[in-house]
Amino acid sequence: MACLHDHSCQEHDCSSNWSLYQHIDLSKVFALNEATPGSVKSVFKAWEDRLNTSGEHLESNEGDPELLVFIPFTSDVKIKSISIVSGAYGTSPSKMRVFINREGIDFSDAQSMQAVQEWDLVENMQGVLEYQTRYSKFQSVANITLHFPESFGGDITEIYYIGFKGEATQLKRDAVANIVYELLPNPSDHKTRAESGGGLSQIE
């Protein structure tokens, strides 16, 4: 379901609503079939910069508009909606399929697997549309894969912005791992009274 974004962003503080880009583990983001390696990272930016098309953008290889984008997060997130700002002259993606918490997906997997949700897209060069998720299915998202199987007839697919509206958990995943580690007793960390002159032997 597409929702029209038709209000003043300054009045509604849209920048904070779409701030999940700050929780994207950008160093691990990648795309399959991108014409310029690493260009996919350029489409994740602040909401207020979503219409800036002067810099680098994501483009598929010529003659093959299919794209697959893998996005991991630094903490688990809940995703309410997704926004795509795309190219003109038929180069916008016409469909989006989403997979959650699945790593290593390739085109063959994406074409054969059941998506968590999929949308028929609308050409959105003004950044006024957002695609609502089935929110109950988008809880505890550690990573998300976006599959764009085709464009609106263009030889390539062009994307300038991908945004996620939602919320992140307070603890980053590595912080949680450290807490769990600290909860596990390490005998070498526990000196006995014998070591401090108390007359007890070390725990074996």
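Strands S5 (residues 95-100) and S8 pair in the antiparallel sense, with four bridges between them. The model is predicted. Strand S8 spans residues 141-148 and also pairs with strand S4.

**Pairing of S8**
- Strand S4 (residues 67-86) runs antiparallel to S8, and seven bridges join the two.

**Burial of S8**
- Buried here means under 20% relative accessible area.
- Eight of the eight residues of S8 are buried, so the strand is largely enclosed by the rest of the structure.
- As a general point, side chains in a regular strand alternate between the two faces of the sheet.

**The largest nonpolar core**
- The largest nonpolar core holds 32 residues.
- Phe44, Ile71, Ile79, Ile144, Leu146 and Phe164 have the most contacts inside this core.
- At least two residues of this core come from each of S4, S5, strand S7 (129-132), S8 and strand S9 (158-168).
- Strand S4 gives the most to this core, with eight residues.

**Contacts of Ile79**
- Leaving aside residues up to four places away in sequence, Ile79 touches residues including Val141, Ile144 and Phe164.
- Among the other residues that Ile79 touches are Leu20, Phe73, Thr133, Tyr135 and Phe138.
- Lys165 and Gly166 are also touched by Ile79.

**A separate core**
- Another core, of six residues, lies apart from the largest one.
- Its residues include Leu68, Phe99, Ile105 and Ala110.

Key. Residues numbered from 1 in each chain as written. Predicted model: local features only at pLDDT ≥ 70, side-chain atom pairs only at ≥ 80, totals over all residues. Heavy atoms only, no water. Buried < 20%, exposed > 50% of the residue type's maximum accessible area, 1.4 Å probe, protein only. Pairing = 2+ DSSP bridges. Core = buried A, V, L, I, M, F, W, Y, C linked by side-chain atoms within 4.5 Å. Contact = heavy atoms within 4.5 Å.
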